[in-house]
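Hi,

Here is the structure I promised to pass on. Have a look first, and my notes on what turned up follow below.

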Amino acid sequence: MLIYIISVSSFSRIVAAYVYRRSSTESLCPQVDALYPSRNGELWKNLGKTFDTDAFKGRAIDWLGGAVRIPTESYDKMGPVGEDVRWEAFQPFHDYLLQAFPLVHTTLTLTKVNTYGLIYEWKGTNDTYKPLLLAAHQDVVPVDPTTVGEWTHPPYSGYYDGERLWGRGSSDDKSGLIGILSSVESLLENAFFPTRTVVLAFGFDEETSGLHGAATLAPALLSLYGENGYSLLVDEGGGFMEQHGSVLAVPAIAEKGYMDVRLTVSSPGGHSSLPPPHTSIGILSRLLVEFENNPFDVHLERDTPVYAMVQCMAAHTKDMPARLRKAIKASPHSKKALRRAEKELFQDPAVKSLVGTTQAIDLVQGGVKTNALPEEAWAVVNHRVATQSTLSAVQERDTELLKSLAHKFNLTYTAFGSSISTQEAPAYGTLTLADAWGAALEPAPITPTDAVPYRILSGTIKATYNAQRGLEGDNIIISPGIMSGNTDTRYYWKLTPHIIRYNHNNAGKDKLLSGVHTVNEFIGVVDFVEMIRFFTTLILNVDEAADL
Ligand SMILES: *[C@@H]1O[C@H](CO)[C@@H](O)[C@H](O)[C@H]1NC(C)=O
Ligand SMILES: *[C@@H]1O[C@H](CO)[C@@H](O)[C@H](O)[C@H]1NC(C)=O
Ligand SMILES: [Zn+2]
């Protein structure tokens, strides 16, 4: 998953003009205290000491390095497992897991789904508690062979330079997968057995939309514990970073929707020496211009994840520019303040893109010969659908957008299976809008933040952050965030309303520079050990939470 965490870099360019006063709007982003395991407090402290040792660091390097050294690339448009031999690259990865994590494999029950999907069940002693579900993906983005020379260390070397571990997948997402297994192996070595069942689910084609992996794991997970059968699901996602003088962790509670719309124009062919005023390519071009002339109207809206995030920043960060903070704090009750905040925030186009529905013309094709009129031309427009919108709203808007042009060019118009045309047949040609590959996806249901699972996760993040640095008290702000892309969780909506996309990983320091999806991917080994500490603390905290 390529993530973009709202960076709000433009904030820093805004000149402070007002003095910040504390106000009651801080309650718009309530914070919990750090949550430390208590029943298992001794175990947690002992494990913490282990995690601080060089010996453990060495194990972490071996665990992750070994995983990185096995290429598990997933490609677009792969055939089914069993037919497309490229999937066989995952068998050595399974063999590796088996020898690297012996206690995991003797204690947990492993089920393979569609050969390469992995579900591990760690049975708790009390099955009245809904399981905790931890997810990650085994696959990595392919390394472009033409870029191998640009890698400081070869992409599948898993090379450790004394500080960082290098290679494809070292961050996305083998750090998550190996982080979870390292944590479970360590807990087992310390004779921990859970009260609440823990389930691990590892897909194998997240980077190519999860069709063979998570899509087949989902029904298996559903049949294990049923609809809404899991207490909390944590998958890859947002991390933590420094913003406005404070450290902020941003677990994503939402994912935008997705839709590729194919526009197809057909018109009579013939010899190009006797052309009509507009060929199908000409008409298609005019339609595409209509898209770019009409971007979606985007506004910062209350009750949306991005709004919740800026509220958290305004309420808790140390040095957000005062003018912006003032606008955000007044915005719950003032429409003018809301628009003022929006104006400042949208100076960063990335923020605006994250808030609204976007459109990008990504594919175009038409014509075969210079002396033949093209009978057909098509293009695909990619939309990322705002969390507060729906697929049908986007379809309606696109349909409306082209209505008058369809009429003008004398085209029979069909959109998403419905006849729109007012044109009397026979028309000059046709215009068809359709979901390009049937891969459209609604925006994800929004994860509740005023609920026990989100609070336990928040407290766990704070405890992990403190334990890693020998701190006490409140040192990191928890803010809901949003994913700019989709994770495997797109298939897991029925399993629980409490889906959180989060890597306990320093996104601000490293992640944006760390070569995720490009050359020179790496992870700081100290940061990786912190991820193991996070999963360990989460498993123990969740195990102790009777009210989850
Ligand atoms: C399981 O937990 C429930 C709820 O806390 C409790 O009432 C029950 O006694 C527990 N069962 C076992 C076998 O410990
Ligand atoms: C539309 O095209 C058809 C077929 O070429 C033609 O018969 C008809 O007159 C055209 N209608 C208009 C309004 O130009
Ligand atoms: Zn990923």
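Let me start with Asn126: a polar atom of its side chain sits 2.2 Å from an oxygen atom of ligand 1. That falls under polar contact, meaning a pair of N or O atoms within 3.5 Å; within protein, one must be able to donate a hydrogen and the other to accept it, and residues adjacent in sequence count only if both atoms are side-chain atoms. Ligand 1 also has an oxygen atom 2.9 Å from a side-chain N or O atom of Tyr129, and for Thr128 the corresponding distance is 3.4 Å. On its own, ligand 1 has 360 Å² of accessible area, and the protein covers 30% of that (Shrake-Rupley method, 1.4 Å probe; for residues, only the protein chains shown count as cover). Asn126, Thr128 and Tyr129 are the residues around ligand 1, where "around" means having a heavy atom within 4 Å.

Before going on, a word on the basis: this is a predicted model, where local features need pLDDT of at least 70 and side-chain atom pairs count only at pLDDT 80 or more, while totals for chains, interfaces and linings use all residues. Residues are numbered from 1 along each chain as its sequence is written, chains are lettered from A and ligands numbered from 1 in the order in which they are written, and side-chain values use heavy atoms, with hydrogens and water left out.

Now for ligand 2. Which residues are around ligand 2? They are Asn410, Pro426, Ala427 and Tyr428. The protein covers 35% of the 360 Å² of accessible area that ligand 2 has by itself. A polar side-chain atom of Asn410 is 2.2 Å from an oxygen atom of ligand 2, whereas Tyr428 uses a backbone N or O atom, 3.1 Å from an oxygen of the ligand.

On to the domains. The assignment (automatic or from a database) gives domain 1 as 41–240 + 480–543 and domain 2 as 257–298 + 356–443. Their C-alpha centres are 41 Å apart. Six residues of domain 1 are in contact with six of domain 2, contact being heavy atoms within 4.5 Å. About 400 Å² is buried between the two domains, 66% of it from carbon and sulfur atoms; buried area is the accessible area (1.4 Å probe) that two parts lose on being put together, summed over both. Ile482, Asn486 and Trp493 supply 70% of what domain 1 buries against domain 2, more than any other three residues.

Cheers
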